[in-house]
Protein chains: 2
Amino acid sequence: MGRTSDAKERLMEAMSELIWTGSYGTTSVDQICERAGVKKGSFYHFFESKTELAVTSIDHGWTEHRKKLDQTFSPVIPPLERIWRCFQEFRQEQEEMKAKHGRVLGCPIHSLGAEVSTTDDKLRDKLQEILAQFIRYYESALRDAHFQGIIDAPDSPALARIIFAYGEGLLLHARIWNDLSHLNEMEAGARRILGIKD
Amino acid sequence: MGRTSDAKERLMEAMSELIWTGSYGTTSVDQICERAGVKKGSFYHFFESKTELAVTSIDHGWTEHRKKLDQTFSPVIPPLERIWRCFQEFRQEQEEMKAKHGRVLGCPIHSLGAEVSTTDDKLRDKLQEILAQFIRYYESALRDAHFQGIIDAPDSPALARIIFAYGEGLLLHARIWNDLSHLNEMEAGARRILGIKD
DNA sequence: TGGGAAGTTGACCAGTTGGTTAAGTTGGCG
DNA sequence: CGCCAACTTAACCAACTGGTCAACTTCCCA
C-alpha cells in the first residue's frame with residue numbers, strides 16, 4: 001500500500017560516504033540530502049534525526065561487510081591465512097577509496113568512534129557493538145591456530161585484542177598520513193606479535 | 001608597551017580541553033570563549049581563526065608534554081624501563097582525566113587526526129609532525145635495547161611503529177569503551193610484540 | 001605624567017545548523 | 001477505477017555558526 005521509494009537507501013549511502021571521507025560533525029543534513037538527491041522533508045520522513053540516520057547506515061554497512069568477512073574467515077581456510085587475507089582486503093579497500101576520493105580513509109568505525117564517543121551515546125553503543133563483533137573474527141582464527149599448534153596463544157581473546165588494536169592503529173596512521181604504505185607492514189607486524197619467525 | 005593579558009593562554013587551554021573531551025567539530029568559538037572567559041572580539045584579536053587556535057594550542061600542549069617525555073625517556077633509565085614508564089604515565093593521565101571529566105579521553109592527537117585529517121590541512125600537518133616526533137622516543141629506546149642485547153630488533157624504526165600503532169589503538173579503544181582496563185594489557189602486549197618472555 | 005600600543009567589549013553580520021509543517025503528488029492494491 | 005497510505009515538496013523556524021568592527025579601557029614605558 002502507498003508509494004515506494006529508495007530514498008532511505010540513498011540517504012544511508014550518502015551518510016556513510018560523507019562520514020568516511022570527512023567526519024560526522026562536519027557532515028550536515030543539507031549536504032546529505034543534496035548528495036542523496038532527497039529533500040529535507042523526506043529525510044525527516046524516514047529518520048527522526050541525523051544521529052538515527054548515522055546509526056542505521058553504519059549498522060547497514062556493517063551487515064553488508066560481515067558477509068565478506070564471513071567468507072574471509074571461513075573455517076575452511078587455514079587460520080592464519082584468514083587473517084592475512086583480511087589484511088589484504090583492508091589494503092585493497094583502502095586502495096579503492098584512495099583511487100576514488102584521492103585520500104586514504106582508514107576505518108570509519110574507529111574514526112567515528114574517536115569523534116563521537118564522548119558526546120553521542122547511541123552512536124557510541126552501535127560502534128562498540130560492531131567493534132566487539134569484529135574482534136571475534138580474529139579471536140576464533142587465533143584459537144584455531146593455537147589448537148592446530150601453529151602459534152602459542154593460550155589466551156586467544158587477549159591476543160586478538162592486541163592484533164586488533166595494532167591493525168586499527170595502522171589504519172588510522174594511514175588516514176592521517178594519507179599513505180597506503182603504512183599498511184604494507186601489517187602482516188609483518190602481526191607475525192611479530194604472534195611470535196612467528198620468517 | 002601597552003596592556004598585558006593572559007587571555008591567549010586561557011583560550012589555548014579551553015580549546016585543548018574541549019577538543020579532548022569532545023571533538024574539534026562540535027567545539028564552537030562561542031563555547032571556547034565562554035570557557036576561557038574571553039569575548040569573541042578578543043579571540044580574533046589573538047587568533048585569526050578557529051583552526052589557528054587549534055594548531056597553536058595543540059603545539060603548545062605538545063611542547064609542554066615533551067618536557068615530561070624527555071624525563072621519561074632519559075638515556076639514564078634502562079631502555080625498556082623507559083617504555084614501561086611511558087605506559088604507566090599514559091595510564092595515570094587517563095585516570096586523572098576520567099576522575100575529572102567522567103570519561104576516558106584517549107589520545108587527543110589521534111582523535112583529532114581521525115576527525116580532521118581529510119578536511120583541515122594545517123591541523124593535519126601539525127598532528128603528523130607531533131606523531132612523527134613521538135615515535136622517535138620509542139625508536140631510540142628500542143635501538144638502545146637492541147644494542148644492549150635486551151631485545152632482538154635490527155629494524156628499530158619499524159618496531160617502534162608497531163608499538164606506537166598498538167598503543168594508540170588501545171588508547172582509542174579505552175576512549176570508545178570508556179574503560180581504563182584496556183590499558184592494563186599495554187605492557188604485556190608490548191612485551192609480546194618485542195618478543196620478551198615472562 | 002601622558003602618549004599610544006595592546007587588549008577589551010558588545011553589537012553586528014550573512015550564512016548555516018538541525019529540524020518542522022502543511023499542502024501536494026504518486027502509485028500499490030482492493 | 002479510485003481510495004488512501006506512503007512519499008515528496010518548498011517554505012519556514014529559531015538558534016547558532018565563524019567572523020568583523022569601531023569605540024572604548026587599560027597600563028607599560030619614555
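Predicted model: local features only at pLDDT ≥ 70, side-chain atom pairs only at ≥ 80, totals over all residues.
Some housekeeping: residues are numbered from 1 along each chain as its sequence is written, and chains are lettered from A in the order in which they are written. Local features need pLDDT of at least 70, side-chain atom pairs count only at pLDDT 80 or more, totals for chains, interfaces and linings use all residues, and side-chain values use heavy atoms, without hydrogens and water.

Now the contact, meaning heavy atoms within 4.5 Å. Chain A contributes 38 residues and chain B contributes 38. Of the interface residues of chain A, 100% are also interface residues in chain B, so the copies meet through the same surface.

How much area is buried between chain A and chain B? About 3,500 Å², with 63% from carbon and sulfur atoms; that is accessible area (1.4 Å probe) lost on putting the two together, summed over both. On chain A's side, A:Thr118, A:Ile176 and A:Arg192 supply 19% of what chain A buries, more than any other three residues.

Finally, salt bridges: there are two between the chains, counting a Lys or Arg side-chain nitrogen within 4 Å of an Asp or Glu carboxyl oxygen. One of them joins A:Arg161 to B:Glu185, with the closest N and O atoms 2.8 Å apart.
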